[in-house]
Amino acid sequence: MTSPKRVGKIEFGLLSPKEIRKMSVRKIIWADTYDDDGFPYPQGLMDLSLGVIDPGLRCKTCDQKAADCPGHFGHIELAKPVIHVGYTRLIRKLLRVTCRSCSRLLMTAEDVEKIVGTEESDLTSEVVSEKDIKKERVCPHCGEQQLKINFEKPTTFSEVFVEDGRKIEHKLTPADIRARLEKIPDEDLRALGINPDVARPEWTILTVLPVPPVTMRPSIILENGQRSEDDLTHKLVDIIRINQRFKENQDAGAPQLIIEDLWELLQYHVTTYLDNEVAGCPPARHRSGRPLKTLSQRLKGKEGRFRGSLSGKRVNFSARTVISPDPNLSITEVGIPLAIANEMTIPVRVTPFNIEEMRQYVLNGPERPKIGSPCGANYVIRPDNRRLRLSEANLETVAEMLEPGWTVERQIKDGDIVLFNRQPSLHRMSIMAHRVVVMDGKTFRLNPAVCPPYNADFDGDEMNLHIPQTEEARAEAEILIAVQANILSPRTGGPIIGGIHDHISGIFLLTHTIRHFDRATTLYLTRNLPLDHLPEPADKDGDGNALWTNKQVFSLILPDDLNMVFRASSCQNCETCRRELCENDAYVRIVDGNLLSGTIDKKAIGAFDGQILHRIIRQHGMKRAARFIDDVTKLSIQAIMLVGFSFGIDDEDLSKTETGQITEVLNNAITDVERRIRIYNEGQLEPMPGRTLEETLEMQIMQVLGKARDRTGEIAGQHLGMDNSAVVMAVSGARGSMLNLTQMAGCLGQQSVRGERIMRGYEDRTLPHFRRGERGAEAHGFIINSYKSGLSPTEFFFHAIGGREGLVDTAVRTSQSGYLQRRMINALQDLKVAYDGTVRTTGGRIIQFRYGEDGTDPARSSYGAPVDVKGIVESVLKEEVK
Amino acid sequence: MGTSLNVLKHEMVPDHQIMSEDEVAELLATYRISLEQLPKIYHDDPAVKTINGEVGNVIRIIRESRTAGRAEAYRIVVKRPKK
């Protein structure tokens, strides 16, 4: 591979007054823009030589029309020099390291040599810095006593000298500074790392100001016909006004005081023209009170030229609206409102083979009345690139004129491929390609199984849609970006799309233990599956009617040759596994596509660790996996509807016995805490190694209370069995955990801040409800009540303290990780894996000799390993492999 | 203390070798690159100093890799720029 052209060197320099005058096409002297007829004043800020923005006029410099004229610079001759705010630091440094009388570097030639080095043999030579200048205040060249240079933001420099024991500040005018900088010899500048050929330091003091072309500060005409000028033009008007007044006063021989005032005013205007957010300088404001957006503000920040206009741009052929779920869609589909489908188009080139179809699109016109109607077209493009907008009036004439070589912009229809995206786009699965389904309503619809990769929910989330416009883009989208190509996450090498929430609860309810269904129920369950016939019934009831088992129903959606053995989410990790006889039915065994034992839950079909899903992808491909997800979602939704699933406040009800047990456990714990505090107070407590007495006590208390909370959970859990929906959700892994259940029914437990009991608040106590120095459980945030029984006022307050910590943490984390992400993307964005497996930069430089050292694409791996050995062996042996 | 440490003996430092000219030519040919497209290593890198690598040498680094078991990387010795 030949590397692209190389950049030999980059030179950074300053614009010299000479260059500014040379590139200027016109000297600007009038502060006015347009005369009463709306014509630009000659030598005014909108002079026709600076370029034209009004259509019809021609530029006086290049004689081109508004569309073609790039604009040309003008210049303003300043009455007196002013400092450029962007270079105040450089000016300060130069003033401090050079002599005030002879302007030589405050260092002997030998000292300079010691730092910079004699020969120019070194590629990069060291540079003299401010620190290298000795504190001695006498010039080694002319013996002049040096004075301290004070710099006051934004642009004031002054010398400090001591007289009669008092410090006196003497202000330096920009003209004084310029005179000093002019005298600095070239070789001294080289020692400072400045190339005097391109950046003489006196050029940091402006004597002539470039006037940017009108094209970069266009005036806009408001609805009422009034002209409104750009912020930059406003600022230039100010500068010219003051400059004129300054000149007049100077010529009239005004007193020094007035001259100084005007000079400062000119300095202020030039400063704010360059940067309107300098420290120590009130920002220049518009008449409305809004701060002006001047040069530096155009470049800086998120909406500035770099981040806003160059790194990121707005695009056409995109749509955005709220999303909502539709479990009847395939995961590869996306529902699009008719209103959006009517607006968005795909260009199709007319050929002899499709001309009739295209003509029909044109005849259908821009208004598609119903979702079932055939799509129409919004524009046609003639071979000379002229666009014709289709409307009811011209449909038939355009359809007549249509011939090969034209392009028809046809509307989106079912089956078109589109890119779907949700911000923040943190990984590649944040943009995936879906197939269009045009729908009623005003929202985008998606299968809830694709929520995890987008991290989407339906509490008002909005998503974006982009329509690929070329054949190449569509092919690429289909092969690389399609949903089914992204089921495996490159992060883990496991699936990221799969059943969530109700899918898991539903499939759990369907497959848990052995149950039998009659024909009607079986058909109800399978009604949404693409099946030709039911399998042989497994059993018969007393009347000889066919019965199917629940495991049989689930097996219908498995590939016929699937063999695997694993343990479900509900596995308790018993010491000796009882396998098929597991009392939780957690031993999943699938032989030849038949579920023999075990419960299907999160481990099997879940979004992040769907084992069955993973195996199907490895052995049957992405397409089959996508179909499996579609089938699982449909089957599980039928299953959960068959059983019925809800959760309410009375699902947390406990009987008197349990409540009594819980109270007893908590009381015991609290007395235990009190006992330990007593031991501590008596000085009998043995400290743990490496801990103080207090720390030991705190740890013991936390431990006792933690155990008590878990114990209440166990009591509650025993009472609420598998017929409780919260338990079903927790066991199957659909949502929530036993901890959540404990907190709802048992007790909320210890609230903490930074992993410790709550200690802050008043003097020696958390709240005035407790005695000073009290160490008991309740006084430091232990909550005896549950969400069901309700919190006492003090408990509620502690809960709020604990809850706040979590909120603060997330707020801090998101901003930090966002910035980290930005820096990482900046560093890595141009790297790619070349065809020879190396990771290279755009210049062909090698970063890695083999991607990831083993050349494995993690999105095509089995949890990082190139081959899924366990899976292959299992499918051959049809037995569990350790 | 006068005893000098050989960094190469440290268990976390991978093996560094200076490649011969023929090897370098072959390396550049297999990857179809020029010398400056190789990753760099500074001349004062402790491992480079230990094997007496000089500016312009190409160093072969053999690492134990978590993914590949054994991985080779090649770096060209360059002078460390000042500051």
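This is a predicted model: local features need pLDDT of at least 70, side-chain atom pairs count only at pLDDT 80 or more; totals for chains, interfaces and linings use all residues.
Reader: What is the order of the strands in the open sheet of chain B?

Author: As a general idea, the strands of a sheet pair through backbone hydrogen bonds, and the pairing is either parallel or antiparallel. In chain B, an open sheet of four strands has the order E1-E3-E4-E2, and its pairing is mixed. Strand E1 (15-18) and strand E2 (40-42) of chain B stand at the edges with a single partner strand each, so one side of each has no neighbour in the sheet. From one strand to the next, the twist averages 40°.

Reader: How many bridges join strand E3 of chain B to E4(B)?

Author: Strand E3 (residues 58-65) of chain B and E4(B) run antiparallel and are joined by eight bridges. Within this pairing, B:Ile62 has B:Glu72 in E4(B) as its bridge partner.

Reader: Is helix H1 of chain B buried or hardly covered?

Author: Helix H1 (residues 21-31) of chain B is hardly covered, since the count of buried residues among its eleven residues is zero. Just after H1(B), the residue B:Arg32 takes a positive phi of about 50°.

Reader: Turning to chain A, at what angle do the axes of helix H21 and helix H23 of chain A cross?

Author: Two packed helices are described by the angle between their axes and by the distance between the axes. For helix H21 (residues 693-719) of chain A and helix H23 (residues 738-746) of chain A, the axes come within 9 Å and cross at roughly 85°. H21(A) and H23(A) are therefore roughly perpendicular to each other. On the side of H21(A), the contact is made by A:Arg709, A:Thr712, A:Gly713, A:Ile715, A:Ala716 and A:Gly717, and on the side of H23(A) by A:Met738, A:Leu739, A:Leu741, A:Thr742, A:Ala745 and A:Gly746. By class, this contact of H21(A) with H23(A) has six nonpolar, five polar and one charged residues.

Reader: How many bridges are there between strand E21 and strand E22 of chain A, and how many join E22(A) to strand E23 of chain A?

Author: Strand E21 (residues 564-567) of chain A pairs with strand E22 (residues 587-591) of chain A in the antiparallel sense over four bridges, and A:Arg567 has A:Tyr587 in E22(A) as its bridge partner. E22(A) is also joined to strand E23 (residues 594-597) of chain A by three bridges, again with the strands running antiparallel, and here A:Ile590 stands opposite A:Leu595 in E23(A). The hairpin of E22(A) and E23(A) has two residues between the strands, and in this hairpin A:Asp592 takes a positive phi near 50°.

Reader: What is the radius of gyration of chain A, and what would a compact globule of 882 residues have?

Author: Chain A has a radius of gyration of 39 Å, whereas a compact globule of 882 residues would have one near 29 Å. Along its principal axes, the C-alpha trace of chain A spans about 120 × 100 × 60 Å. Of the 882 residues in chain A, 33% are buried.

Reader: Where does A:Gly289 lie?

Author: A:Gly289 lies in the loop between helix H7 (256-274) and helix H8 (295-299) of chain A. A:Gly289 is exposed, because 6 other C-beta atoms are within 10 Å.

How values were computed
Residues are numbered from 1 along each chain as its sequence is written. Chains are lettered from A and ligands numbered from 1 in the order in which they are written. Axes are lines fitted to C-alpha atoms, for helices over the stretch in contact, and angles run from 0 to 180 degrees between N-to-C directions. Angles under 35 degrees count as roughly parallel, over 145 as roughly antiparallel, 65 to 115 as roughly perpendicular and the rest as oblique. Two residues are in contact if their C-beta atoms, placed from the backbone, lie within 7 Å. Ala, Val, Leu, Ile, Met, Phe, Trp, Tyr, Cys and Pro count as nonpolar, Asp, Glu, Lys and Arg as charged, and the others, Gly among them, as polar. The radius of gyration is taken over C-alpha atoms; the globule rule is 2.2 Å times the number of residues to the power 0.38. A residue is buried if 20 or more other C-beta atoms lie within 10 Å of its own, exposed if 12 or fewer, and partly exposed in between; C-beta atoms are placed from the backbone. Two strands pair if DSSP finds at least two bridges between them.
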